[in-house]
Amino acid sequence: QVHLSESGGGFVLPGGSLNLSCVASGRTFGFYVMGWFRQAPGKEREFASAVSWSGNRTYYADSVRGRFTISRDNAKNTVTLQMNSLKPEDTAVYYCAAELGGAWRSGTYWQSSRWPHWGQGTQVTVSS
């Protein structure tokens with residue numbers, strides 16, 4: 001079992017940046033593929049990005065590719081999401097997620113139902 005806790009959300013003007021962090025409990029952080037999802041009001045939770053166990057491979061949704069960067073520090077049990085050039089449509093609750101690799105290997109990492117472990121979420125609001 002892994003416990004996830006996000007931080008770093010807030011209010012930002014369009015074009016601005018935010019850096020989200022997710023800290024995981026326990027000593028097995030390196031066993032998990034880590035991801036970020038987001039959920040806007042009235043919409044389903046959607047995939048944003050994922051990073052492999054070592055951090056050498058990443059995936060991004062088309063909507064965030066080129067603007068967001070995911071990274072992880074296994075020594076600090078932390079995964080971060082650097083978000084640049086933010087747009088109003090990026091407004092959502094952002095969730096950190098963890099899974100042991102089944103979704104990653106099968107290519108279904110974009111499906112939220114394949115991720116068993118979730119944080120409580122952090123609100124990101126982009127507005128002028």
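The legends below describe an overall view and several close-up views of one predicted protein model. In this predicted model, local features need pLDDT of at least 70 and side-chain atom pairs count only at pLDDT 80 or more, while totals for chains, interfaces and linings use all residues. Residues are numbered from 1 along each chain as its sequence is written, and side-chain values use heavy atoms, with hydrogens and water left out.

View 1. Helices (H or I, at least four residues) and strands (E, at least two) are DSSP runs, numbered from the N terminus. Along the sequence, the elements follow the order β-β-β-β-β-β-β-β-β-α-β-β. The C-alpha trace spans about 40 × 25 × 25 Å along its principal axes. Of the 128 residues, 46% count as buried, where buried means under 20% relative accessible area, exposed over 50%, and partly exposed in between (1.4 Å probe, protein chains only).

View 2. Two strands pair if DSSP finds at least two bridges between them. Strand β9 covers residues 92-99, and seven of its eight residues are buried. Strand β4 (residues 33-39) runs antiparallel to β9 and is joined to it by seven bridges; within this pairing, Met-34 stands opposite Ala-98 in β9. Strand β11 (residues 122-126) also pairs with β9 in the antiparallel sense, over three bridges, and here Val-124 is the bridge partner of Ala-92. Strand β10 (residues 117-118) is antiparallel to β9 as well, with two bridges between them, and His-117 in β10 is the bridge partner of Ala-98.

**View 3. Asn-77 in the loop between β7 and β8.** This loop lies between β7 (68-73) and β8 (78-83). Most residues other than glycine have a negative phi. The phi of Asn-77, however, is near 55°, a positive value in a residue other than glycine. Asn-77 is buried, with a relative accessible area of 15%.

**View 4. Ser-85 in the loop between β8 and β9.** Ser-85 has a phi near 50°, which is a positive value in a residue other than glycine. Its relative accessible area is 41%, and Ser-85 is therefore classed as partly exposed.
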